[in-house]
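Biologist: I have a structure open and want to go through it with you. Can you load it on your side?
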Amino acid sequence: VALSASGLLSPELGGPSVFPPQPAKAMEASQVKKTWNASTGASRFRRGIYTFFWRLTPHPALMVFDRPNGMVTCTRRTRSNTPLQALTTLNDTAFHEFAQGFAARVLREAPAATDERIRCAFRLTLVRDPSTKELTVMRNLVAAEEDAALSNPEEAGKLLPQGIPAGANQTDLAAWTSIARMLLNTDEFITRE
Amino acid sequence: MNLTDRIDLGHTRRHFFHECGVGLGKVALGALMAESSSAEVRRPMEVKPPHFPAKAKSVIYLFMAGGPSQLDMFDYKPKLTELDGHKPPASLLQGKRFAFMERLASQQMYASRRKFKKHGQSGTFVSNLLPYTATVIDDVAVVLSMQTENFNHAPAKVFAHTGSITPSRPSMGAWITYGLGSESQNLPGFVVLQSGPRGPRSGPLIWGNGFLASAYQGVPFLPGSEPIYNLASQPGVSRARQGRALAGIRALNEIRLAEMGDDEIATRIASFETAFRMQTAGPELMDITSEKKETLDLYGVEPGKNTFANNCLLARRLVERGVRCVQVYHTDWDHHSRIEYALDLLCGEIDRPCAALVKDLKLRGLLDDTLVIWGGEFGRTPFSDSEMGKLDPASIGRNHHIAAYATWLAGGGIKGGQTLGQTDDIGFSVVEDPVHIHDLHATMLHLLGLDHTKLTYRFQGRDFRLTDVSGTVVKKLLA
């Protein structure tokens, strides 16, 4: 879902498995050393079903999010809600790239006014408009992130990928990458009821 | 009521489908409600009361992957020295199954080259391979009569961890945290530490959650300051920025919680805050340089390296912080060849830290409620083996053996200073007090206050247990 909201999702169907980024040490659990060279370009952003699967060293994000056991039939998916999942969606490289992509998409697609951007971001993630209360909270969060990006441009710069899209400035992009990390980590976004 | 009756009563087709629809809807709703109200899924690591008062609060399992040779460490067999070099009697091997059957014909009786001595007040036999372990032997119960069911590494390991040779069942750490939760608020409840030249065969299958919720799977800690995947923030995300993100996520989640009243949202808020705390607690845990020099020396720790000694110290630090279950793996015990050289090396790596762990836990008053277990997936035969086909002193080794091998236990309600079980004159078969893996699991759960027959989970239509349909608590091991 985060991938889809980010606007980075590659819609390609079929073909060989791909290698989205995973933590550097994830291949060290098995006795035979193997490598995981993260895909670049569109292959980096395919649906999770295309992720290459090593049975002894599965992609950590799949493990943390209850991937069904391949040895037995799966009659019902388990539900869980754990700190390790939070660490994944907060800090994983793949999710960070989704947040960067999402920020760029909001700045690209919404008119250049904070409220419009907030509405756009809500529609892209939660498929609804923000309530008055949420709008107030969001305005404050955006203002705080803009201040932070202005007062420490060096740190803000590290937050961004290479190549800033035309018409956006670093402050906006850094602030919205931070805001994207929040929206993409809300319970309403992660959970499908 | 059959359909004809319904028609008689004047029901239309529309009514019928309407009623069915409501009925099916109710069934579906019931299933949803049952799922969302199952407490262990919502707050998986919440501390749960044991079935009866527990002796042990935590478990540290020092797992010697590959199968250490009990005959060179604990099971003293002077008779085997007399028979050294003889062919084993054919009657002994008749109908038995071993790994590498093709090498069986060349095997000879092979006595231990190590010196055995009685140690401690208990007079427990320990060989000169384990001088440090010998110093804590009065706190240790050595079991010489362990038995398992499969003679190959991967299935034997899966069996030793899950009670089944078929990979897919929950590991013991998963069962324990499923049963008891964990007292640690800032670290996972079930942690896996690894040292040695390679990961253990079967990898994550032996600390997996099987059909239990993924919250119960063992979390492999990586060496260095970032022990958990994704523990460190991305570049540009300072502690302050992460803090603001957490506050923002919380504010949005709280608005939603107030609207929906869904407990799951509250759990989500808690999960994120725990994750944020883990980001500090993780590196703090891994920083062993904060320990006193005497402690580092006791274990023989080398800061910055990934050694068994470092992991034993980390195991103590984890238990100290309320972590329920710690699996410490040390690999490369599969000594088909060059066993004398390999045992010197491996015992040199594990002996001092094992003893240090028992001493250190005792010193801190933690040994009383921490169960320490040492052992592998099986042991080794009293016969010679060699992958090179030569039986000269330098290349000789021992084959896998499942009918009799050794494990030791200490602390957590174990009666130390005893040797349980006896093998025959050559250490091939158990002749007294056999302890099967299922019995070891039952005993471990018993010390944790769990009845192994009651710790169940319904999956695919039947209740599953760690001990399946077997297992007896070994009363003689209890203090």
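This is a predicted model: local features need pLDDT of at least 70, side-chain atom pairs count only at pLDDT 80 or more; totals for chains, interfaces and linings use all residues.

Biologist: What is the radius of gyration of chain A, and what would a compact globule have?
Modeller: Chain A has 18 Å. A compact globule of 193 residues would have a value near 16 Å, so the two agree. The C-alpha trace spans about 50 × 35 × 30 Å along its principal axes.

Biologist: What share of chain A is buried?
Modeller: Buried residues make up 49% of the 193. The accessible surface of chain A is about 9400 Å². Carbon and sulfur atoms account for 54% of that surface.

Biologist: And the contacts in chain A, what share join residues at least 24 apart?
Modeller: 59%, counting contacts between residues at least 6 apart in sequence.

Biologist: Charges next. How far apart are the mean positions of the positive and negative ones in chain A?
Modeller: They are 10 Å apart. Chain A has 22 positive and 19 negative charges.

Biologist: Where is confidence lowest in chain A, and where is it highest?
Modeller: Helix H1, residues 2-6, is lowest, with a mean pLDDT of 78. Helix H5, residues 114-126, is highest, at 95. The mean for chain A is 85. Of its residues, 91% reach 70 or more.

Biologist: Helix H3 of chain A, then. How many of its residues are buried?
Modeller: Nine of nine, across residues 83-91. Among them are A:Pro83, A:Gln85, A:Thr88 and A:Asn91.

Biologist: What do the buried residues of H3(A) pack against?
Modeller: Elements from both chains. In chain A they pack against helix H2 (60-64), helix H4 (93-109) and helix H8 (170-183). In chain B the partners are strand S6 (219-220), helix H9 (239-260) and helix H10 (263-286).

Biologist: What does B:Arg268 touch?
Modeller: B:Arg268 sits in helix H10 of chain B. From chain A, its contacts are A:Asn81, A:Gln85, A:Asp187, A:Ile190 and A:Thr191. From chain B there is B:Asn253, leaving out residues up to four places away in sequence. A:Gln85 is also one of the buried residues of H3(A).

Biologist: Why does B:Arg268 count as buried?
Modeller: Because its relative accessibility is 6%, and buried means under 20%.

Biologist: Switching to B:Phe190. Buried or exposed?
Modeller: Buried, with a relative accessible area of 1%. B:Phe190 is in strand S5 of chain B, residues 190-195. Beyond its neighbours within four places in sequence, its contacts include B:Ser171, B:Trp207, B:Tyr216, B:Val323 and B:Cys325.

Biologist: How far is B:Phe190 from B:Lys157?
Modeller: 18 Å in space, C-alpha to C-alpha, and 33 residues in sequence.

Biologist: Backbone angles now. What is phi of A:Val127?
Modeller: Near 55°, a positive value in a residue other than glycine. A:Val127 lies in the loop between H5 and helix H6 (132-151) of chain A. At 70% relative accessibility, A:Val127 counts as exposed.

Biologist: And what about phi of B:Asp468?
Modeller: Near 50°, again a positive value in a residue other than glycine. B:Asp468 is in the segment after strand S17 (462-464) of chain B. B:Asp468 is partly exposed, at 22% relative accessible area.

Terms used. Residues are numbered from 1 along each chain as its sequence is written. Chains are lettered from A and ligands numbered from 1 in the order in which they are written. Side-chain values use heavy atoms; hydrogens and water are left out. The radius of gyration is taken over C-alpha atoms; the globule rule is 2.2 Å times the number of residues to the power 0.38. Buried means under 20% relative accessible area, exposed over 50%, partly exposed in between (1.4 Å probe, protein chains only). Contact means heavy atoms within 4.5 Å. Accessible areas come from the Shrake-Rupley method with a 1.4 Å probe; for residues, only the protein chains shown count as cover. Lys and Arg count as positive and Asp and Glu as negative; His and the chain ends are not counted. The place of a charge is taken as NZ of Lys, CZ of Arg, CG of Asp or CD of Glu. pLDDT is the predictor's confidence in each residue, from 0 to 100. Helices (H or I, at least four residues) and strands (E, at least two) are DSSP runs, numbered from the N terminus.
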